[in-house]
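Here is a short report on one structure. Please look at the sequence and the model first.

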Amino acid sequence: MAKVLLVNPVVREEDIPRHIPYGISLLASIAMKKGHLVQIYDANAWRKGFDVLEKVFRADDWDVIAIGGLTTTYRFIKKAFQLAKKNSPKSILMAGGGFITSMPQDIMGWIPEIDLGLVGEAFVTFPEVLDKIDRQDFNFSSTTGVVFRHKNGKSYLTPAKPVIKNLDDLPYPAWDLLPLDIYFKNSANLFSEESFTAKRRMDVNGSLGCGLVCKYCWHLGTTGDMIVEEDKAGENQVVFTYGRNIRYHSPSYIVNMVKHLYEVYNIDFASFIDENLMTMDAASRGIWLNEICDLWKEKGLQPTCRQKNIPHDEDCRGVHWNGTSHAGLHKFETLKRMHEAGCTHLVYGLESFDPNILKNLGKGSTAARNKSSVGICLSSGIKPIPNIILGFPEETFDSIKNTITAMKELGITAKPHFATAYPGSEWYYSYKNSIIEQYEGDLEKYIAELGDASSISATISHHFTGVELIGLQEIIYKKDLRLLALAEKNWHRNRKQEQINYPQDSINFKSKSVRGPMEAEGRTF
Amino acid sequence: MEELLKGNYKVTKNIEIEAEEKSENNLTINFKKVALNSIGGSMVYVERNTLVWEGEEEAADKKNEIKSS
Ligand code: B12
């Protein structure tokens, strides 16, 4: 059986670790069920530095060292692969997750130590390649869903792997392979009183993907959003599309999993990491969330404060929870039931209150709906956490004025994220030339610098430079319309009015609903 | 010892971390992290511990003094 080391890279280094590596722990669980020998080193939780990582690489004779995560972990991952090669030269070095799926050929070029990359969903590909490695079969040319390095050093991308049909076929994540005490210690967050007092919070996932086609977003090639096509040079390329294979766990799978976490790990809070609970609820025609709420109560997970309708305090028992919502898709009755069942706060990606920006965004919301959503959510008892973005391609002084005016009306204080073109998103392919230009021809430098969108990397605004956006962010934070008017006056006075960023067509993105492949029913893990 | 690696079997080698070095490092790293996160106004952070000063500016200043006197 293959001896596998899975490494979770450091994410958001400036903050404490708050989120378990959900994908990696699911893969560990699947591999163990197939009989493989698996260890996880959660570098994000431990934060011990690269010296310790080298010791981890030397701790065993690993057949496979697998490292992967989101694009913003690129710098860590690159260094980790270099150290893996140095300390464990005989192991197969495998990459996976968002950072390689969004740009497999670039990554294989920039990190020559990688032997094999799993592109897109890995639930089937991971055990499949472990099985091959076990049999000493290192020819991956007929394995779908991978990018592999040929003896000649060149990398080849194979056709997309069909995603699994039924998420309930999945085992639970291998929680016991994670340093949970570190995550429990960091349970509290500042989104609601209940999450602020959480002592044993755990991430749970109810669905994969999202039906919307927001231009800044991306679905990791795991949502029917990815196909593979040949480019003009005859090389396979990933192509992201508006195609979607919507998949969600059954309410009973989700609630049973939370019940298990409550009984075995004594959790008091469940954070749903789903991209958008409301789009899944809409896909189920409004049944899914209601059933989850009913079962939550039936299984004894409803927190005491909600049962008795009393203020929450530290003696409260049961499991509170939070998730993500959508201004155009939420329904008051559902929100009310969610509140009753213990939901404390919902993240709303409102992004802007400008009609023109919202029309072009692909989110399916309007300024009026964005405005009313805050009140609707609040009156259900749930706290809305609205997210705002600044620096859209179409951003103007007027659009900012619309956003500030609405924020004043609704009592929102926010320091907006900067519009950032993460690899995989429609924005990335539309503005790739402009990004490369801003990074003086060095795309890898852009990728290595990507972090939170709370700092400027490359801009995609047609009108504003990075320097201007930093000032405008401060003005939005202060909701200062006087300063905004002054900035506009000076801007018109000082600048030749020419567009600074231009969109382009790209072979890697189709703004059409071309679905990626999905398996037929009946997979067993 | 902290269980850095968790799995379904026992790994062949133990991972030793030098306790002293680790805690010193941790304090420096943690302090830097907290300090950098609160930068603004009078809160500033100097990363260097040593900086070699060669006294050139002083010499230059002296020259200026002589000239101007
Ligand atoms: C939890 C989460 C986080 C956590 C960190 C999670 C972690 N421990 O790594 C936090 C909150 C820190 C975070 C932050 C950000 N995130 Co985030 N996050 C998510 C979220 C909601 C869930 C991830 C997850 O667990 N999914 C479920 C599992 C099953 O899927 P998975 O992780 O993708 O794993 C599968 C495959 O990808 C693959 N795989 C994954 N890892 C590995 C590793 C190996 C070795 C292998 C073989 C395979 C493999 O196998 C799995 C099974 O198929 C996703 C959205 C989503 N629902 O997926 C966004 C998402 C990953 N985040 C995203 C973004 C944009 C961000 C931010 C930049 C947001 C911001 N504006 O600041 C920041 C970056 C922070 C930083 N400075 O680095 C994007 C991805 C962008 C990209 N190109 O990589 C996503 C997809 C959201 C979106 N739709 O846009 N995020």
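In which loop of chain A is A:Gln136 found? The loop runs between helix H7 (125-134) and strand E6 (146-149). The model behind this report is predicted.

A:Gln136 has a phi near 60°, a positive value in a residue other than glycine. A:Gln136 is exposed, at 58% relative accessibility.

A:Glu351 also has a positive phi, of about 70°, and is not a glycine. Its setting is strand E15 (residues 343-351) of chain A. A:Glu351 is buried, with a relative accessible area of 4%.

## A buried loop asparagine

A:Asn245 sits in the loop between strand E11 (236-240) and strand E12 (247-248) of chain A. Buried or exposed? A:Asn245 counts as buried, at 3% relative accessibility.

## Cysteines without disulfides

The count of disulfides over all chains is zero. A:Cys210 is in no disulfide: the nearest cysteine sulfur, that of A:Cys214, is 6.2 Å away. A:Cys210 is buried, with a relative accessible area of 7%.

For A:Cys343, the closest cysteine sulfur belongs to A:Cys377. The two sulfurs are 7.5 Å apart, too far for a bond, because a disulfide needs sulfur atoms within 2.5 Å. A:Cys343 is buried as well, with a relative accessible area of 0%.

## Helices H17 and H22

In chain A, the axes of helix H17 (residues 397-410) and helix H22 (residues 481-494) come within 11 Å. They cross at roughly 180°, so H17(A) is roughly antiparallel to H22(A).

From H17(A), the contact takes A:Phe397, A:Ile400, A:Lys401, A:Ile404, A:Thr405 and A:Lys408. H22(A) supplies A:Leu481, A:Leu484, A:Ala487, A:Glu488 and A:Trp491. By class, the contact has seven nonpolar, one polar and three charged residues.

## Chain B against chain A

The contact between the chains takes 20 residues from chain B and 26 residues from chain A. The area buried between them is about 1,900 Å². Carbon and sulfur atoms give 52% of that area.

Notes. Residues are numbered from 1 along each chain as its sequence is written. Chains are lettered from A and ligands numbered from 1 in the order in which they are written. This is a predicted model: local features need pLDDT of at least 70, side-chain atom pairs count only at pLDDT 80 or more; totals for chains, interfaces and linings use all residues. Side-chain values use heavy atoms; hydrogens and water are left out. Buried means under 20% relative accessible area, exposed over 50%, partly exposed in between (1.4 Å probe, protein chains only). Axes are lines fitted to C-alpha atoms, for helices over the stretch in contact, and angles run from 0 to 180 degrees between N-to-C directions. Helices (H or I, at least four residues) and strands (E, at least two) are DSSP runs, numbered from the N terminus. Angles under 35 degrees count as roughly parallel, over 145 as roughly antiparallel, 65 to 115 as roughly perpendicular and the rest as oblique. Contact means heavy atoms within 4.5 Å. Ala, Val, Leu, Ile, Met, Phe, Trp, Tyr, Cys and Pro count as nonpolar, Asp, Glu, Lys and Arg as charged, and the others, Gly among them, as polar. Buried area is the accessible area (1.4 Å probe) that two parts lose on being put together, summed over both.
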